[in-house]
Amino acid sequence: MRITLLYPPAAARHMEPFPMPSLSLAVLANLLRPAGHEVRIVDLDVIYHRDRGVGPLASPLLRDGAGLEGYLAGKAPRAAARRYEALEGELLELAAMGEPDLLGVTLVDHSGDLFPVRVGALLARALKARRPAKAAIGMDSISREVYRDLLRRFPPFDWAFYLNGGPAVLRLVKRLEGGKARLSHVLERRGREVRDSGMVLPPRPICDGPDYQGYPLEPYSTTLPEVLARYDCRSAAVRALLRRPSAGRELVVFYGFDTTCRAGCIFCSNATQPHLGRRSVAAIIEDLRRLKELGVTGVHFINPNFNDDYAFAEELCRRMISARLGLLWSDCANFRELDEALLMTMRRAGCVKLVLGAESCSARMLRYIRKGTTKARIKSLLEASHRVGIWNHVDLIAGMPTETDADVAETTGFLREVAPFVDAFTINPFFLHHRSPIYMDPGRYGIRLCREDKPGEWDAVAASPAAQLGFDTNRFDEVGGLAWCEKSKQMRRSMEALRDATRRCEALLDAEHLQLLMHLYRTFGHGRKDLIRRIMHSAARSFKPYNSDQPAYSASAG
């Protein structure tokens with residue numbers, strides 16, 4: 001079967017100077033191709049941001065939600081219909097999708113915005129008007145209720161996959177080819193009805209690797225001057241760097257080899273999920289070799305943590321070193337399965353950055369959330385990682401259940417102690433994940449869930465700004481502590497206190513800056529982290545993410 005996988009324009013994949021390829025499409029391609037299917041990957045996002053507000057993707061028709069939905073429903077006035085038909089032709093030419101039997105549209109980076117849905121729906125309609133074809137949308141974190149709303153409003157889509165995407169898609173393809181296959185984890189349109197297949201398939205027993213073959217990767221490669229042009233170039237250190245001969249182009253892609261974590265932190269949904277098998281060391285090395293053959297120079301691993309198992313992490317690093325891949329990489333890491341010897345091995349294997357989840361630096365809170373580490377160990381390992389030249393990015397969570405102002409004060413005091421060893425922070429408000437231990441057994445951890453209505457339409461989900469604390473979490477009361485109305489205020493105080501403390505640490509905040517880091521480590525090496533740090537702090541005083549050149553997405557969110 002001929003299948004086209006489409007990545008529509010997204011508001012923001014990440015906070016980087018240039019976008020990076022979609023891992024979700026590469027993983028799906030790696031499932032479909034071995035089954036004998038012809039797969040084409042189309043990335044409209046990189047075209048959209050490259051063209052910067054010109055071309056068919058910038059058409060105001062795509063931002064007219066009511067007008068476009070009326071056209072898709074066959075209710076547009078004749079003049080408006082002709083304009084949409086002309087836009088369809090331009091989009092088809094731009095996308096160069098071939099003649100697929102099935103169009104799959106990922107919503108992985110939708111950010112609560114209907115713009116990518118509209119682009120996918122218009123292309124699906126245009127495709128169906130020209131040949132027999134089917135179309136599906138999918139992303140795991142969108143609820144079935146919201147997908148029902150999308151299928152109702154966007155009739156060109158026949159299916160919506162809400163979980164277990166790759167294996168569920170394989171079942172659909174088998175059925176489309178005439179085979180017997182019971183669908184799973186998908187909503188199916190049948191006339192005016194939308195039916196739920198139910199959850200038939202168990203979780204996959206192993207993390208799937210990506211296949212970037214045929215992905216248009218060249219537009220994602222960057223030079224150091226191109227990246228620095230998105231930063232503040234006024235300092236002497238940055239100007240001197242611009243005068244150096246270019247070290248070549250960097251091409252950074254996403255890759256994951258594990259999806260589970262053994263830590264058991266009470267706030268994390270991984271703690272209650274079955275521990276699926278990670279990819280073998282041999283399979284990972286082979287994947288990385290193929291990436292290098294495609295011109296990849298850097299890898300951003302997206303595992304829950306690189307070192308979930310110490311022995312596995314050590315063996316993988318040793319194999320990466322012996323394979324002489326020359327790839328630079330970053331990943332999350334935990335403090336449990338880590339020491340200076342492993343940090344040095346990771347450095348030799350190409351690690352330039354680690355995102356380390358401390359969450360809190362209150363001794364009581366570390367015990368409460370079952371973090372499996374201590375303040376002394378956190379400080380020792382941050383210092384060791386800094387000493388071997390790795391960039392340390394620390395994650396913190398504000399407003400966790402039972403957290404008090406005293407816990408926040410203890411955390412901010414500790415941050416001053418580790419400031420010399422920490423290069424960047426991310427501060428997240430507490431999010432009550434539905435599959436986390438604390439959600440599954442709230443009484444055990446001292447909270448009581450509040451009853452709340454679940455919005456079932458996209459507009460209701462996207463209406464409130466994501467920055468509104470509490471919007472993205474189920475409300476709860478602390479048993480014997482703060483009711484939600486007071487807890488939400490404590491969460492805000494915690495956020496403000498942590499942000500103020502991290503600013504005083506003179507560390508970078510939130511953005512990964514991975515593309516610039518890859519260039520700088522390639523140019524200077526781990527031994528010059530002091531210089532890399534000075535350049536990063538000077539350059540990041542002004543930073544323009546790749547999507548900041550585009551018109552505001554808020555106009556298209558309705």
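The dialogue below treats sheets, then helix packing, then a cavity.

Tutor: This is a predicted model, in which local features need pLDDT of at least 70, side-chain atom pairs count only at pLDDT 80 or more, and totals for chains, interfaces and linings use all residues. Residues are numbered from 1 along each chain as its sequence is written, and side-chain values use heavy atoms, with hydrogens and water left out.

Student: In what order do the strands of the mixed sheet lie?

Tutor: Helices (H or I, at least four residues) and strands (E, at least two) are DSSP runs, numbered from the N terminus. Two strands pair if DSSP finds at least two bridges between them. Here seven strands make an open sheet with mixed pairing, in the order β2-β1-β3-β4-β5-β6-β7. At its edges are β2 (38-43) and β7, each of which pairs on one side only. From one strand to the next, the twist averages 20 degrees.

Student: How many bridges join β6 and β7, and in which sense do they pair?

Tutor: Four bridges join β6 to β7 (residues 193-196), in the antiparallel sense. Within this pair, Arg-189 stands opposite Val-194, and Arg-190 is opposite Glu-193. In a regular strand, side chains alternate between the two faces of the sheet. The two strands form a hairpin with two residues between them, and Gly-191 in the turn has a positive phi of about 65 degrees. Strand β6 (residues 186-190) also pairs with β5 (residues 159-161), in the antiparallel sense over three bridges. There, Phe-161 stands opposite Val-186 of β6.

Student: What is the strand order in the parallel sheet?

Tutor: That open sheet holds seven strands with parallel pairing, ordered β8-β9-β10-β11-β12-β13-β16. Its edge strands, β8 (252-255) and β16 (508-509), each pair on one side only. Strand β8 is joined to β9 (residues 298-301) by four bridges in the parallel sense, and Tyr-255 has Phe-301 in β9 as its bridge partner.

Student: At what angle do helices α3 and α5 pack?

Tutor: Axes are lines fitted to C-alpha atoms, for helices over the stretch in contact, and angles run from 0 to 180 degrees between N-to-C directions. Angles under 35 degrees count as roughly parallel, over 145 as roughly antiparallel, 65 to 115 as roughly perpendicular and the rest as oblique. Helix α3 (residues 65-72) packs with α5 (residues 115-130) at about 25 degrees, their axes being 11 Å apart. These two helices are therefore roughly parallel to each other.

Student: Which residues line the largest cavity?

Tutor: On a 1 Å grid over the protein atoms alone, a cavity is a set of points where a 1.4 Å probe fits but cannot get out; lining residues have an atom within 4 Å of a point. Grid points are joined across faces, edges and corners, and a volume is the space filled by probe spheres set on the points. The structure has one cavity of 30 Å³ or more, and about 30 Å³ of space lies in the largest cavity. Its lining consists of Tyr-7, Pro-8, Pro-9, Ala-10, Thr-106, Leu-107, Val-108, Asp-109, His-110 and Pro-116.

Terms used: 1 Å grid on protein atoms, 1.4 Å probe; cavity = no way out; pocket = protein on both sides within 12 Å on 5 of 7 lines; lining within 4 Å.
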